[in-house]
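This is a walk through one structure, taken a few residues at a time. Keep the sequence and the 3D view open while reading.

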Amino acid sequence: MPENQYSFDNPVDRYPHIHPPTEQVPEPGRDSELDPPADHGEDNYLGHGRLAGRKALVTGGDSGIGAAVAIAFAREGADVAIVYRREEEVDAQAIAEQIRAAGRTALTLPGDLTERAFSDEVVQRTVAELGGIDILVNNAGKQIFSTDLAELPDEQFDATMKTNVYAMFWLTKAALKHLPAGGTIINTTSVQAYLPGEQLVDYATTKAAINAFTKALAQQLAPKGIRVNAVAPGPIWTPLQPSAGQPPEKLPDFGSQTPLGRPGQPAELAPAYVFLASPESSYVVGETLAVTGGMPTP
Ligand code: NAD
Ligand code: MG
């Protein structure tokens, strides 16, 4: 593990080439039970005040990529609200503790984003309890593999669309009532938007939709001074993967197909979100920043 995100080393070996067990865990997976554990920057993300005084809402901020983003945002000086499912309270409390240890306010918002009323409520509570919202990170996601479309339940298709696309739409719509000029929206898409896997038809469809949503809305909101961008992660070691995100037999080789030869760690994603959230990226609008370990994207 690097000492901090600036440590000069070989990216091939910056993190271990892990071989996770083929064991499946129930959805939602938890970081507190992830084997091997992932790095969210707890011991190495170094902040520099790049988001001083900002108010951020990060969905899925309890674990994985969202947790790394929440820790980084707090260490860069932002107060952070995190949204997660009720079953994930243990993970959420650990991240809230990290936010508070950075001297910032943490707001924990458990609930189900596939319910429209809850998506509205989390924006309202962020505004009320943090005193506003400057940054919205639509990062919560659902990914369940399915080998045969004929067997893909309507309920799964619906839940994947609702979590990955509808919640993003609802949260963005609610946030737009409050986001000031200078505010930013960052959506988590995926390399799956460009290289859709045959076992992730529903999921890959949502990730392509998130890219189009980002690029269309970015043009609409730019004149108002609100920037919309996306991050496209490659294979990242998070609780999404062993909780039916992949067929279990693929887990031991997860991420080894990338040019770097290993999966990414959530901590390696956080700097991309910090860059897009901060005014230093003021002329970056409608971009999808790929963080894929070298997997090619258009
Ligand atoms: P993760 O499981 O740690 O995070 C996903 C989070 O989404 C969960 O923690 C959960 O809190 C939240 N969530 C899901 N359904 C919800 C609901 N109905 N209501 C409220 N919250 C809900 O896994 P992650 O890999 O960090 O995923 C974060 C994002 O990154 C997702 O959008 C995922 O699609 C995307 N992504 C992940 C990878 C990867 O390889 N891990 C690659 C590309 C994109
Ligand atoms: Mg989680």
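A salt bridge is counted here when a side-chain nitrogen of Lys or Arg lies within 4 Å of a carboxyl oxygen of Asp or Glu. The model is predicted, and by this definition the structure holds 12 salt bridges.

One of them joins Glu129 to Arg125, with the closest N and O atoms 2.9 Å apart. Both residues lie in helix H3, 4 residues apart, which is about one turn of the helix. Glu129 is partly exposed, with a relative accessible area of 44%, and Arg125 is also partly exposed, at 31% relative accessibility.

Helix H3, residues 116-130, holds another pair, Arg116 and Asp120. The side chains of Arg116 and Asp120 meet in a salt bridge with an N to O distance of 2.8 Å. Because Arg116 and Asp120 are 4 residues apart in helix H3, about one helical turn separates them. Arg116 counts as partly exposed at 33% relative accessibility, and Asp120 is partly exposed with a relative accessible area of 23%.

A further salt bridge links Arg85 and Glu87, where the closest N and O atoms are 3.2 Å apart. Arg85 is partly exposed, with 29% relative accessibility, and Glu87 is partly exposed too, its relative accessible area being 37%. Arg85 and Glu87 belong to a network of salt bridges that also takes in Glu27 and Lys142.

The peptide bond from Glu27 to Pro28 is cis, with omega near -5°. Pro28 lies in the segment before strand E1, residues 55-59. Ala244, in helix H6 (residues 241-245), has a positive phi of about 75° although it is not a glycine.

Next come the ligands. Which residues coordinate the magnesium ion, ligand 2? The donors are Asp62 (OD), Ser63 (OG) and Glu88 (OE), at 2.1 to 2.3 Å. In sequence, these donor residues are spaced D-S-x24-E. Asp62 and Ser63 are both buried.

Several contacts can be located atom by atom. In the side chain of Ser63, an N or O atom is 2.5 Å from an oxygen atom of ligand 1. Gln241 places a polar side-chain atom 2.8 Å from an oxygen atom of ligand 1. At Gly64 the contact comes from the backbone, where an N or O atom lies 3.3 Å from an oxygen atom of ligand 1. On its own, ligand 1 has 800 Å² of accessible area, and the protein covers 97% of it.

Note on methods: Residues are numbered from 1 along each chain as its sequence is written. Chains are lettered from A and ligands numbered from 1 in the order in which they are written. This is a predicted model: local features need pLDDT of at least 70, side-chain atom pairs count only at pLDDT 80 or more; totals for chains, interfaces and linings use all residues. Side-chain values use heavy atoms; hydrogens and water are left out. Donors are N, O and S atoms within 2.8 Å of the metal (3.2 Å for Na, K and Ca); water is not among the atoms, so sites may look incomplete. Buried means under 20% relative accessible area, exposed over 50%, partly exposed in between (1.4 Å probe, protein chains only). A polar contact is a pair of N or O atoms within 3.5 Å; within protein, one must be able to donate a hydrogen and the other to accept it, and residues adjacent in sequence count only if both atoms are side-chain atoms. Accessible areas come from the Shrake-Rupley method with a 1.4 Å probe; for residues, only the protein chains shown count as cover. Helices (H or I, at least four residues) and strands (E, at least two) are DSSP runs, numbered from the N terminus.
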